Amino acid sequence: MSDNGITEQIPYTNRMEYLVDVADSDKYGVLNTQNVGNQKTLPYGVKVDNNAFLPFWNTSGLAVNCEEKLIADLFNAKTDSRPLLVINNVTPTSNLEYLDKLVDDLYRNNVPFAVSATNVEGNTNQFAYKKYMYSLRMIELKNGIVFMRVPYLYSYTGKEINAQNLKATMSERLQLMVRSGVYPTGLSTPNHWNQDVVLGKVGLKSASNVLLLPDPKTYPKVEQTDYSQEFDKAYYVMSLKDLDKAKTTVSLTKANNLNYTLSTALNIKMPRTLSELRKVEKSVSNSELNWENPAAEDNSREMNFAKMKLEYHAGTYFVNGNEQNINDTAPVQKKHKHKEYQETGLNLILSYQDKFLTVFILVTLIGFVLLIYKGRKVYWDKFKRK
């Protein structure tokens, strides 16, 4: 596949339907077949008036740019859009130390970003939850914005998914975040939510901006529909890692002439280990993309739930029209206040049990070696002539 002077090697297929000799058509990208002795040059995307055709749909790589151009022209929605960097899979159980380090690195390098953050309704009085909210507040202070992740539907196991309980759950989660000084600017959701009457109309209609995440392999269908919600911005999310790994003549993360015509987000997964953190930091620093900066936009991002209206405009947060000073948020304590206990002999042994066990095992092994050596010497002495 070729486009904008860039060529990508795409996965092999032994069968493909395509269009040829279509008069008065707009073409998007070029496919070059590899048939020995019968090579062909074919258009990837074709549009004629209000009809369009693609031989297949790729979810990453150079094909996405061609697909976006076709869709933008088809629906007259073409814009010159910069990609938004998104940290995905951020939850209360994430390693917040790695999250904080990643956020600090992005802030230090002037990289604007967003996070897709999951919230919960239970155990919100726990220290871990307060620490989680504090990490999200620090994101807001360091040129990042928060998208509240819609509930995982398996959390409704044994309970019917309907408009009433869905609205109540999302409203409660949003209010918990606002009371903690976190002000979501939009929602992040699997794609299938936007093709469902209940999930889309009730769950998504309150946001002017959404991140459209890939669908899970299986999910419950409540009430499917052919009509989707409309948003000011609906980001198509794909992996920065996959984009970087694409087999192209020019790295897609360094191609200056490669622009996105629709709202696009490049996703990096929340690192779980120090090694993953280093790889994520390196992948972002090595890219030469011009990232979208929500704080520099003229348009507002809005969230409306019940009687609450959240607005984000030019780096400033508003709740029901009142500006919020996020610098006034008090930090969470770094450690629990534990009750002090008198150190008895047993407590000291337990507190150093790992070291004690290590020393005990080493001493035992040394003892076994000495016994084997001594036993071997006694055994051979029986056969020696005296």
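**Close-up views of a predicted model**

**View 1. Strand 10 and its partner strand 9.** In strand 10, Leu213 is the bridge partner of Pro190. Strand 9 (residues 186–190) pairs with strand 10 in the parallel sense, over four bridges. As you explore these views, keep in mind that the model is predicted.

**View 2. Strand 10 and its partner strand 11.** Let's turn to another pairing of strand 10. Strand 11 (residues 233–239) runs parallel to strand 10, and four bridges join the two. To find this pairing, look for Asn209, which stands opposite Lys233 in strand 11. Strands of a sheet pair through backbone hydrogen bonds, either parallel or antiparallel.

**View 3. Helix 4 from end to end.** Helix 4 (residues 163–179) has 17 residues, so at 1.5 Å a residue it should span 24 Å; its end C-alpha atoms are 24 Å apart, which agrees. At the start of the helix, a side-chain oxygen of Asn162 comes to within 3.2 Å of the backbone nitrogen of Gln164. Just after helix 4, look for Gly181, which has a positive phi of about 85 degrees.

**View 4. The buried residues of helix 4.** The buried residues of helix 4 include Leu166, Met170, Leu174 and Met177, and also Asn165 and Arg173. What do the buried residues of helix 4 pack against? Their neighbours are helix 3 (127–141), strand 8 (144–149), strand 9, helix 5, strand 13 (301–305) and strand 14 (308–313). Helix 4 lies across strand 13 and strand 14, at about 55 degrees to strand 14.

View 5. Follow the strands in the order 13-14-15-16: they form an open sheet with antiparallel pairing. Strand 13 and strand 16 (322–324) stand at the edges with a single partner strand each, so one side of each has no neighbour in the sheet. From one strand to the next, the twist averages 25 degrees. Strand 13 and strand 14 run antiparallel and are joined by five bridges. Here Asn304 stands opposite Lys309 in strand 14.

Notes:
Residues are numbered from 1 along each chain as its sequence is written. This is a predicted model: local features need pLDDT of at least 70, side-chain atom pairs count only at pLDDT 80 or more; totals for chains, interfaces and linings use all residues. Side-chain values use heavy atoms; hydrogens and water are left out. Two strands pair if DSSP finds at least two bridges between them. The expected span of a helix is 1.5 Å times one less than its number of residues. Buried means under 20% relative accessible area, exposed over 50%, partly exposed in between (1.4 Å probe, protein chains only). Contact means heavy atoms within 4.5 Å. A polar contact is a pair of N or O atoms within 3.5 Å; within protein, one must be able to donate a hydrogen and the other to accept it, and residues adjacent in sequence count only if both atoms are side-chain atoms. Axes are lines fitted to C-alpha atoms, for helices over the stretch in contact, and angles run from 0 to 180 degrees between N-to-C directions.
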